[in-house]
Amino acid sequence: MSLESMRGQVAIAGVGHAGLGEAHGYTEMEVLAQAASRAVADAGLTMRDIDGLATCSSSATMWSMPVAEYLGLRPRYIEASMLGGSSFVSHLLPSVMALVSGQCNAVLVCYGSTQKTATFGRKEGVKARTLLDPQPFEHPYTPLQPVTSYALAAARHMHQYGTTREQLAEVAVAARAWAALNPEAAMREPLSIDDVLRSRPVSDPLTVRDCCLVSDGGGAYVMVRADRARQLRQPPVYVLGSATAVWNRQISSMEDLTVTAAAESGKRALAMAGLSVADVDVAELYDAFTINTLLFL
């Protein structure tokens with residue numbers, strides 16, 4: 001089974017989200033369950049139809065098991081790789097393989113977080129992960145992660161390519177312009193380059209407006225084989241290409257701070273899809289920090 005042979009054989013049939021921004025009074029599991037229920041309903045299915053599950057959490061090493069239990073699932077396929085924020089994109093290709101091979105018939109990919117409003121919040125979570133997931137070349141110096149790593153990448157990018165603070169700020173300004181069009185966005189007020197540059201410094205050269213917001217939220221999507229997707233409620237969104245690449249865990253171990261593993265995964269995803277960059281007219285890039293967007297471009 002080649003990657004090219006799986007092109008377009010699977011489609012996303014439903015999506016859902018819940019608790020965006022702040023989810024006061026809800027747990028991560030409850031926010032996940034709301035998003036999952038909405039995604040399954042969006043596809044015109046029920047939880048009884050779901051026999052594949054892909055999920056993970058930074059707060060629990062065996063997260064997929066209580067999720068299956070909570071949702072009342074008995075999956076024949078489970079994917080629980082934890083790769084940080086990219087996990088739920090990396091879950092895409094293994095789920096395609098599981099569906100094409102007949103291991104399962106409907107995969108639910110889901111996530112939930114209440115890191116903004118939970119009592120055990122982001123700061124405590126970082127401390128706990130430091131103990132459970134040591135980074136020996138960085139943690140002894142108590143960096144403010146992850147922003148310290150991206151600040152290093154930004155500083156190197158500026159040194160190597162002459163990138164300016166104003167150019168970094170343009171990324172935040174563009175993101176805010178899109179947020180202004182989304183009624184569920186946490187911040188929709190106009191943002192200027194000067195606003196970004198004059199905001200509170202966090203980790204040189206980045207200010208608070210170069211950084212993503214801490215927020216709650218849950219998201220989910222349902223995948224089925226293409227022939228079945230055409231019979232369901234929503235127009236199918238076919239999966240043409242997907243790829244995962246991991247080079248480093250610690251930024252201090254990178255050969256070049258301005259080149260990420262996306263340089264590899266992007267090429268392989270396009271190759272599987274049979275497309276080139278010239279064919280792409282919509283790009284959605286992970287922009288947790290303003291330097292991310294420039295690195296990926």
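Which residue in strand 8 does Ile12 stand opposite? The answer is Val237, and this pairing is a handy way into the sheet. The model is a predicted one, so local features need pLDDT of at least 70, side-chain atom pairs count only at pLDDT 80 or more, and totals for chains, interfaces and linings use all residues. Residues are numbered from 1 along each chain as its sequence is written, and side-chain values use heavy atoms, with hydrogens and water left out.

Now for the sheet itself. Six strands make up an open sheet in the order 3-2-4-7-1-8, with mixed pairing. Helices (H or I, at least four residues) and strands (E, at least two) are DSSP runs, numbered from the N terminus, and two strands pair if DSSP finds at least two bridges between them. Strand 3 (77-79) and strand 8 (237-238) sit at the edges with a single partner strand each, so one side of each has no neighbour in the sheet. Strands of a sheet pair through backbone hydrogen bonds, either parallel or antiparallel. Strand 1 (residues 10-21) and strand 8 run antiparallel and are joined by two bridges.

With strand 2 it pairs in the parallel sense over four bridges, and Leu53 has Leu108 in strand 4 as its bridge partner. With strand 7, strand 4 runs antiparallel, and eight bridges join the two; here Cys110 has Ala220 in strand 7 as its bridge partner. Strand 4 is also mostly covered, with seven of its eight residues buried. Buried means under 20% relative accessible area, exposed means over 50%, and partly exposed is in between (1.4 Å probe, protein chains only).

Then come the helices. Helix 1 (residues 28-42) lies across strand 1, strand 2 (52-55), strand 4 and strand 7 (216-225), and runs at about 140 degrees to strand 1. Helix 4 (residues 92-101) packs on the sheet too, touching strand 1, strand 2, strand 3, strand 4 and strand 7, and its direction makes about 30 degrees with that of strand 7. Contact here means heavy atoms within 4.5 Å. Axes are lines fitted to C-alpha atoms, for helices over the stretch in contact, and angles run from 0 to 180 degrees between N-to-C directions.

In helix 2 (residues 64-71), the buried residues are Ser64, Val67, Ala68 and Leu71. Looking down the axis of helix 2, these fall within an arc of 100 degrees, so they line one face of the helix. They pack against helix 1, strand 2, strand 3 and strand 4. After helix 2 comes Gly72, with a positive phi near 75 degrees.

Last, the aromatic rings: the structure holds two aromatic pairs. Phe88 and Tyr111 have ring centres 4.7 Å apart and planes at 40 degrees, so this pair is tilted. Rings of Phe, Tyr and Trp (its six-membered ring) pair if their centres lie within 6.5 Å; planes under 30 degrees apart count as stacked, over 60 as edge-to-face and the rest as tilted. This pair links distant parts of the chain, with Phe88 in helix 3 (residues 87-90) and Tyr111 in strand 4 (residues 106-113), 23 residues apart. Phe88 is buried at a relative accessible area of 16%, while Tyr111 is partly exposed at 29%. Tyr150 and Phe289 form a stacked pair, 4.8 Å centre to centre with 25 degrees between the planes.

Methods: Arc of directions from axis to C-beta.
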